[in-house]
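Biologist: I have the model open. Can we go through the sheets and the packing?
Modeller: Go ahead.

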Amino acid sequence: MKCRHCGGTRLVKFGIVHGKQRYKCKECGRTTRANDARIKYSQEKKLKVLAMYLENNGIRSIERLEGVPSPLIIRWIRQSAKLIYDWLRSSASSVDLEKVAIIELDELYSFVRKKSNRIFVWVAVDRNKCQVVDFSVSRRLDLSSFRVLADRLSCRYAIDFLCTDGNPVYGRIALAGRHVVGKAETCLVESMNAKIRRCLARFNRRTCRYSKAFDRVGSFAYAFI
Ligand SMILES: [Zn+2]
């Protein structure tokens, strides 16, 4: 019996997991199970799977192509999403407001399980950096749903111009020095949304690939930023 992490042989019994004896390695301190059939995937494999996901492959097709079980793929996506989520939250708590000339806001919709169960992703783009700076996911397209994203943006940024489409909720919260309404001013965020639609299978139009859980839509979008 050897340690699966360092190959060490100084192992001591360390409880039972799922009916199998677990050992603790005296050399590296990590644990190993007896007759462990689980496969340890490399970091390269993990990154490849995530890259495939961001290139419009569905979870099941990645499972078939790469031989990684779909629950594990979902866990990897959620883990990387959490890193981005934590990063967004931590940078939101900084004291000084970051100056931003132009923020474009728009929303795109998808659904969970069935078409009538719609969900909306609110996306904020910094026009000069050409980058998605934040977003949120909601079940409705109303003011309280927008407020989640608006509050976070106002905690982080001093915005000169806010550019949106004609959705009246955008005018209800004073987020920027000036609010400009019109399709001509939201080209960038719309192209970002088009990219999300193109790259993430669940956001493709006329697709049979869709989200099976509300929180999954959120985390998958986090993984995309
Ligand atoms: Zn070890």
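Biologist: In β5, what is the bridge partner of Asp106?
Modeller: Val123 is the bridge partner of Asp106 in β5. The model is a predicted one, where local features need pLDDT of at least 70, side-chain atom pairs count only at pLDDT 80 or more, and totals for chains, interfaces and linings use all residues. Residues are numbered from 1 along each chain as its sequence is written.

Biologist: How many bridges join β4 to β5?
Modeller: Nine, and β4 and β5 run antiparallel. Two strands pair if DSSP finds at least two bridges between them. Strands (E, at least two residues) and helices (H or I, at least four) are DSSP runs, numbered from the N terminus.

Biologist: What is the strand order in that five-strand sheet?
Modeller: The order is β6-β5-β4-β7-β8, in an open sheet with mixed pairing. β6 and β8 (176-181) are at the edges with a single partner strand each, so one side of each has no neighbour in the sheet. Neighbouring strands are turned by 25° against each other on average, direction ignored. Axes here are lines fitted to C-alpha atoms, for helices over the stretch in contact, and angles run from 0 to 180 degrees between N-to-C directions.

Biologist: Which helix lies across β4, β5, β6 and β7?
Modeller: That is α4, running at about 145° to β6. Its buried residues pack against β4, β5, β6, β7 and α5 (169-172).

Biologist: Which residues of α4 are buried?
Modeller: Phe146, Leu149, Ala150 and Leu153. A residue is buried if 20 or more other C-beta atoms lie within 10 Å of its own, exposed if 12 or fewer, and partly exposed in between, with C-beta atoms placed from the backbone.

Biologist: Where does α4 bend?
Modeller: At Leu149, by about 25°. The bend at a residue is the angle between axes fitted to the seven residues ending there and the seven starting there. α4 has 14 residues and reaches 20 Å from its first C-alpha to its last, close to the 20 Å expected at 1.5 Å a residue. The expected span is 1.5 Å times one less than the number of residues.

Biologist: Now the core. Which residues have the most contacts inside the largest one?
Modeller: Ile103, Val123 and Ala124, in a nonpolar core of 24 residues. Such a core is a set of buried Ala, Val, Leu, Ile, Met, Phe, Trp, Tyr and Cys residues joined through C-beta atoms within 7 Å. β5 gives the most to this core, with five residues.

Biologist: What does Ala124 touch?
Modeller: Not counting residues up to four places away in sequence, Ala124 touches Ile103, Leu105, Val133, Asp134, Phe135, Leu149 and Leu153. Two residues are in contact if their C-beta atoms, placed from the backbone, lie within 7 Å.

Biologist: Different topic. Where is Glu185 found?
Modeller: In the loop between β8 and α6. Glu185 counts as partly exposed because it has 17 C-beta neighbours inside 10 Å. Leaving aside neighbours within four places in sequence, Glu185 is in contact with Glu104, Cys163 and Val180.

Biologist: And the other sheet, what order do its three strands take?
Modeller: β1-β2-β3, open and antiparallel. β1 (11-17) and β3 (31-33) are at the edges, each with a single partner strand, so one side of each has no neighbour in the sheet. β2 (residues 20-25) and β3 pair over three bridges, and Lys24 stands opposite Thr31 in β3.
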